[in-house]
Amino acid sequence: MTNIRDLGTLHGDVLLFGGAYSNAQALDALIAAADDHGIAPSQCIFTGDVVAYGADALGCATQLAAFGCPAIRGNCEQQLLDGADDCGCGFGEGTACDVASKTWYTHAAAQIGPQAAALWAETPDWLTFTHAGKRYAVIHGGADAVAKFIWPSDDDTVFMAEIERVEARTGKVDGVIAGHSGIAFERALPARVWINAGVIGMPPHDGRSATRYAILSDDGVRFHTLHYAYEAAAQAMEAAGLTQGYEVGLRTGIWPSEDVLPAQLRR
Ligand SMILES: [Fe+2]
């Protein structure tokens with residue numbers, strides 16, 4: 001059963017962000033950016049995956065909890081809550097994601113351990129809220145599968161089918177805000193919009209080190225770049241033995257796991 005929390009009506013700018021990915025330096029920068037924009041934590045919404053590739057799983061989880069913004073569970077939180085053996089993405093055996101995830105997930109699980117329940121047992125699966133006269137649902141991956149990848153290259157039919165499944169549980173929405181796939185984008189659909197807020201903990205495979213977040217204003221959504229201390233984050237990964245390629249990805253902006261992407265999104 002999907003646990004849905006309604007935030008009521010939000011007024012003013014709303015900062016949307018996802019995928020802290022155990023990257024403490026990126027989360028520090030995001031919190032500073034929210035302050036720079038004058039956006040309170042209660043107006044920031046996190047789309048899940050506070051832990052993943054980086055060195056500081058527990059630090060990020062506790063810092064996000066202290067920040068106190070509305071948040072949903074990603075597949076990474078869910079798998080750690082369930083005591084699962086992997087991140088739940090279902091990567092093919094031997095793919096770059098499969099090989100790397102065995103290492104970072106083990107590292108995150110060792111840091112989080114039984115604290116998962118205290119951190120995330122009360123975290124909902126989805127959020128709903130109303131903003132500027134429009135109703136939104138916040139989900140992580142797909143409506144029926146938390147770790148489903150939905151890409152900007154997918155057909156409108158994919159998005160509309162997902163929205164239909166979301167609305168079966170939330171009632172009608174004007175937009176869905178998602179995370180998980182790691183690439184920020186907005187897709188205009190018939191009478192709906194799909195917004196992926198992107199992730200702060202890994203660049204969007206664009207050859208640059210900066211990451212992404214979004215701000216929803218009364219006139220729509222805009223994407224922002226997040227500059228942060230990526231070299232320190234990469235060095236922390238190396239010190240922790242997390243050297244399967246994501247530490248290089250922080251520096252180069254190129255995913256080591258390009259094989260997870262649809263062909264048209266590869267470089
Ligand atoms: Fe995810």
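So, the lining of the largest pocket: its residues split into 12 nonpolar, 2 polar and 3 charged. For the classes, Ala, Val, Leu, Ile, Met, Phe, Trp, Tyr, Cys and Pro count as nonpolar, Asp, Glu, Lys and Arg as charged, and the others, Gly among them, as polar. This is a predicted model, where local features need pLDDT of at least 70, side-chain atom pairs count only at pLDDT 80 or more, and totals for chains, interfaces and linings use all residues. Numbering runs from 1 along each chain as its sequence is written, and side-chain values use heavy atoms, leaving out hydrogens and water.

Okay, the pocket itself holds about 280 Å³ of space. Of its 17 lining residues, A65, C69, A71, L119 and T123 are the closest to the centre. A pocket here is an open set of points on a 1 Å grid over the protein atoms alone, where a 1.4 Å probe fits, with protein on both sides within 12 Å along at least five of seven lines; lining residues have an atom within 4 Å of a point. The volume is the space filled by probe spheres set on the points, joined across faces, edges and corners.

Which element gives the largest share of the lining? That's α2, with 3 residues. Helices are DSSP runs of H or I, at least four residues, and strands are E, at least two, numbered from the N terminus.

Now, α3 (residues 75-82) and α4 (residues 96-112). In α3, C76, Q79 and L80 meet W104, Y105, A109 and I112 of α4, contact meaning heavy atoms within 4.5 Å. By class, that contact has 6 nonpolar residues, 1 polar and no charged ones.
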